[in-house]
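This report goes through some side-chain and helix contacts. Please look over the sequence and the structure first.

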Amino acid sequence: MNHTNNKKDQFDKNTLIKLINKYNTPLWIYDKNIIQKQIIQLQQFNRIRFAQKSCSNINILKIMKEHKIHVDAVSQGEIERALTAGFTPKEIIFTADLFDYQTLLRIIELNITVNIGSIDMLHQIGKLSPQHAIWLRVNPKFGHGHHEKTNTGGENSKHGIWNILEAIDIINKYKLKLIGIHIHIGSGVNNEYLEKVCNAMVNTIYSLKKDIQWISAGGGLPIPYRLEEKNINIKNYFNLWNIARIKIEKFLGHSIKLEIEPGRFLVAESGILVSEIRAIKTMGKKHYTLVNAGFNDLIRPTMYGSYHYISVIHKNDPNTYSNQQVETIIGGPLCESGDIFTQNSNNILTTRLLPKTKIGDYIIFHDTGAYGASMSSNYNSRPLIPEIILENGIPKLIRRRQTYQEMMQLELI
């Protein structure tokens with residue numbers, strides 16, 4: 001495998017070494033310029049709404065706010081993050097399949113639009129806040145995704161409204177204001193399924209007997225995690241949705257606005273996870289390289305068998321590559337057999353062909369800007385690690401390393 005001059009080498013290695021020396025490892029690093037380039041690709045849509053669950057750092061949210069992007073929240077915590085980052089309640093939508101009571105009260109207090117995913121939610125908000133503005137998240141009765149756990153449609157998914165006509169009856173009962181229809185069937189959707197989703201949107205609105213102003217293409221835009229993968233054709237993606245919009249406009253007799261709700265697409269390629277090699281060992285016929293980042297930091301490989309491109313930086317000579325290569329399994333420090341970064345969706349261990357390394361060299365996990373830091377935890381009582389963003393090469397610390405005292409201070413003794 002060639003580790004030079006590929007699309008994953010967007011970070012200057014000398015800059016990385018400086019950041020490692022200053023902040024230690026493991027650490028997250030983002031590039032603001034890459035986020036901005038991704039935003040520009042989606043300007044054809046009437047509105048871009050960032051799925052903040054993918055990367056919820058307040059400083060990342062502020063970048064979205066700078067670019068007039070709206071934000072999706074899936075919890076009260078995400079609502080509060082968005083408000084702290086400067087979003088107004090009108091720029092926030094709450095998407096869920098249930099309300100907990102305190103979140104419902106906060107939504108009503110702020111008059112935040114809700115993307116409704118269950119019949120019970122309609123009753124609950126209708127009783128307390130009649131005429132509240134809502135969207136309906138429709139389950140089109142089929143789904144697709146890069147993994148079963150990211151499939152958000154069909155009867156094996158908990159997401160969305162199954163019986164749309166039942167929902168309309170309840171909307172009418174409480175005089176709720178239906179603004180738009182949202183359909184999202186999963187992450188990493190291909191063109192074949194995209195056409196099915198677009199057709200499902202059109203057929204749903206044909207059956208509504210209710211006017212709307214917006215449709216949402218949802219999220220799930222894929223990014224090329226592997227070197228051989230190509231970027232999604234955004235023009236084609238937009239055109240398919242635009243064809244659906246034109247059909248809907250003709251049916252309703254007025255213009256319809258098209259929203260898109262990406263998370264991964266905007267931030268994944270902007271981020272890397274930097275870790276340090278702390279042990280190298282041979283177990284029978286298998287070679288292991290063990291680093292100081294675990295699945296408490298990056299859980300996607302363990303949870304989904306997700307692939308992340310991996311590169312090596314040699315500590316003493318970061319701009320050269322060893323000609324010797326080795327097939328190795330990459331693991332972390334956790335007291336868990338599943339703490340392996342190189343496994344497939346069936347949890348079978350796989351290897352990567354990497355330059356031969358020494359203790360103290362660095363392993364870089366690429367495309368971790370989405371569902372990296374936002375899914376991290378304190379498992380094994382490990383503190384959350386720093387997040388740093390580069391803007392035109394200039395670093396800024398946007399989350400410092402958590403201390404052990406901070407990790408324990410919620411526990412009353």
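Which side chain meets Arg400 in a salt bridge? The partner is Glu406, at 2.5 Å from N to O. A salt bridge here is a side-chain nitrogen of Lys or Arg within 4 Å of a carboxyl oxygen of Asp or Glu. This is a predicted model, in which local features need pLDDT of at least 70 and side-chain atom pairs count only at pLDDT 80 or more, while totals for chains, interfaces and linings use all residues. Residues are numbered from 1 along each chain as its sequence is written, and side-chain values use heavy atoms, leaving out hydrogens and water.

The whole structure has 11 salt bridges, including these:

| Pair | N to O distance |
|---|---|
| Glu406 and Arg400 | 2.5 Å |
| Lys32 and Glu66 | 3.3 Å |
| Arg382 and Asp297 | 3.4 Å |

Lys32 in helix 2 (residues 32–40) and Glu66 in helix 3 (residues 58–66) are 34 residues apart; helices are DSSP runs of H or I, at least four residues, numbered from the N terminus. Lys32 is buried at 7% relative accessibility, whereas Glu66 is partly exposed at 47%. Buried means under 20% relative accessible area, exposed over 50%, and partly exposed in between, with a 1.4 Å probe and protein chains only. Asp297 is also buried, at 1%, and Glu406 is partly exposed at 24%. Shared partners join Lys32, Glu66 and Glu391 into one salt-bridge network.

The structure holds 0 disulfides, a disulfide being a pair of cysteine sulfur atoms within 2.5 Å. Cys198 is buried at 4% relative accessible area, and Cys335 is exposed at 69%.

How values were computed
Helix = DSSP H or I, 4+ residues; strand = E, 2+ residues; numbered from the N terminus.
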